[in-house]
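Hello,

Here is the structure I said I would pass on. Please open it first, then read my notes below.

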Amino acid sequence: MSDKITGFLAAVDELRGEDSTVRTTAHTSRVSAEGWPAAQGDDAEGDTGTTEENRTV
Amino acid sequence: MATPTQLGFRFAPTDRLHPERVRRIHALTATTAPAAAEHAFAYATAHHYLEGAEAAARAGDRDLFAWYTAHPDAGAHALAAPTAVGQCVVIAPEQLITSPISDTAYYLLNPHTGPAPAGHQELARAAYTLADDTGFGDLLAGHARVLVFLGRKGYNDTFDSWTISRLPGTVFVDHIDDPAALARDLIHEAGHNWLNDALAATGCKLDDQALFHSPWKRTPRPAYGFLHACWAFPLTMIYTARVLERTEGAGRRFLTSYLDLQRTFLAGTGPDHARALTLVPDPDLREHLRAVHQQAIGL
């Protein structure tokens with residue numbers, strides 16, 4: 001099993017190649033069902049494309 | 001309601017990417033995807049298999065690694081249920097995980113994963129049906145085959161949803177007991193998965209030096225985030241405009257407010273969007289992004 005795991009991990013590294021970037025697209029939304037613009041100031045729409053070292057929402 | 005115009009979410013490079021990627025993932029352990037699996041379903045679940053098997057291998061968990069190698073669909077077929085866009089896995093895990101690959105929480109299908117409760121399944125089915133009825137069936141069929149429910153919210157709450165590029169075809173969403181609202185967020189997140197796949201399939205590496213003003217974040221952002229926002233939000237605007245006639249009461253007010261707000265955000269993005277599109281070398285991809293943005297601007 002150890003040889004199989006070792007071989008698997010080597011193959012995974014080869015599959016990923018140099019592209020180790022992990023991107024997240026996070027989305028936060030808030031609107032009021034009672035009507036905009038009352039909720040405008042609280043809105044926080046956004047999408048974030050980041051690397052694994054730099055992720056924010 | 002007349003059948004709405006389909007936006008054309010089939011993208012040939014992505015159609016080639018999905019089966020090739022599945023083949024390469026399963027070649028890692030000399031397994032094969034279940035023969036009956038559709039490419040998009042196999043693509044989404046193969047990445048759960050890959051991430052799960054890798055995590056088990058790195059942790060030295062031989063039993064779990066053996067389970068993944070014996071289940072190249074990560075157990076997805078046993079969990080899947082039919083929807084308007086095909087078989088989908090709908091789950092509502094109690095806990096998500098973080099790991100060195102992402103500080104954004106996520107979830108991997110594993111031997112202990114069970115299906116979401118019946119109410120969640122019914123809500124999901126209704127949302128997939130609404131999305132299909134409004135012209136977004138191909139988008140969800142290709143890019144939202146694993147639905148991970150997060151928290152239950154009210155109309156006035158803040159909703160979180162996200163995707164992670166290591167799990168294409170999987171979407172993480174807060175929800176409210178309103179299929180029209182859930183479909184909006186499924187479409188938004190599936191849009192992100194669609195664009196990530198399209199960029200990968202066309203070998204597009206976006207220059208991250210140029211910045212563009214994002215009205216959603218109220219800050220300058222690189223092309224990747226800006227183009228994602230100018231794709232995913234317009235998709236939800238087009239959907240919302242189409243679905244409004246099927247809604248009433250608080251749900252209708254919620255979506256109407258959302259559409260009004262998005263109109264104001266999108267209105268000033270034209271010049272920056274045109275400039276950002278020049279960084280996309282593939283003409284077909286560029287046209288997809290331009291056409292959706294333009295349609296939403298016109299709402």
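Ala74(B) counts as buried because 27 C-beta neighbours sit inside 10 Å. (Buried means 20 or more other C-beta atoms within 10 Å of a residue's own, exposed means 12 or fewer, and partly exposed lies in between; C-beta atoms are placed from the backbone.) Ala74(B) belongs to the loop between α3 (62-70) and α4 (76-79) of chain B. Its phi is positive, about 55 degrees, although Ala74(B) is not a glycine.

Before the rest, two notes on the source. This is a predicted model, in which local features need pLDDT of at least 70 and side-chain atom pairs count only at pLDDT 80 or more, while totals for chains, interfaces and linings use all residues. Residues are numbered from 1 along each chain as its sequence is written, and chains are lettered from A and ligands numbered from 1 in the order in which they are written.

Arg218(B) also has a positive phi of about 55 degrees, and it is not a glycine. Is Arg218(B) buried or exposed? Arg218(B) counts as exposed, because it has 11 C-beta neighbours inside 10 Å. Look for Arg218(B) in the loop between β8 (211-214) and β9 (219-222) of chain B.

Chain A

Chain A holds one helix and two strands. (Helices are DSSP runs of H or I with at least four residues, strands are runs of E with at least two, and both are numbered from the N terminus.) Along the sequence the pattern is α-β-β. Of the 57 residues in chain A, 32% are buried. Take the contacts in chain A with a separation of 6 or more: 35% of them join residues 24 or more positions apart. (Two residues are in contact if their C-beta atoms, placed from the backbone, lie within 7 Å.)

Strands

Start with strand β6 of chain B, residues 159-164. Five of its six residues are buried. Which strand of chain A joins β6(B)? Strand β1 of chain A (residues 24-29) does, through six bridges, and the two run antiparallel. (Strands pair if DSSP finds at least two bridges between them.) Thr28(A) stands opposite Asp160(B) there.

β6(B) also pairs with β7(B), in the antiparallel sense over two bridges. Trp162(B) faces Phe172(B) as its opposite number in β7(B). The two strands form a hairpin with five residues between them. In that turn, Gly169(B) has a positive phi of about 90 degrees.

Next comes β7(B), residues 170-175, with β5(B): parallel, five bridges. Arg152(B) has His175(B) as its bridge partner. β5(B) (residues 146-152) also pairs with strand β2 of chain B (residues 86-91), parallel over three bridges. Here Ile91(B) is opposite Val148(B).

Helices

The axes of α6(B) and α7(B) come within 9 Å and cross at roughly 150 degrees. That makes α6(B) roughly antiparallel to α7(B). (Axes are lines fitted to C-alpha atoms, for helices over the stretch in contact, and angles run from 0 to 180 degrees between N-to-C directions. Angles under 35 degrees count as roughly parallel, over 145 as roughly antiparallel, 65 to 115 as roughly perpendicular and the rest as oblique.) By class, this contact has nine nonpolar, six polar and one charged residues. (Ala, Val, Leu, Ile, Met, Phe, Trp, Tyr, Cys and Pro count as nonpolar; Asp, Glu, Lys and Arg as charged; the others, Gly among them, as polar.)

Helix α7 (residues 223-243) of chain B also meets helix α10 (residues 283-297) of chain B. Their axes come within 9 Å and cross at roughly 50 degrees. The two helices are therefore oblique to each other. Their contact divides into ten nonpolar, two polar and no charged residues. On the α7(B) side the residues include Leu227(B), Trp231(B) and Ile238(B). On the α10(B) side they include Leu289(B) and Val292(B).

Asn196(B) is buried, because 21 other C-beta atoms lie within 10 Å. What does Asn196(B) touch, not counting residues up to four places away in sequence? Its contacts are Arg23(A), Ser165(B) and Pro168(B).

Best wishes
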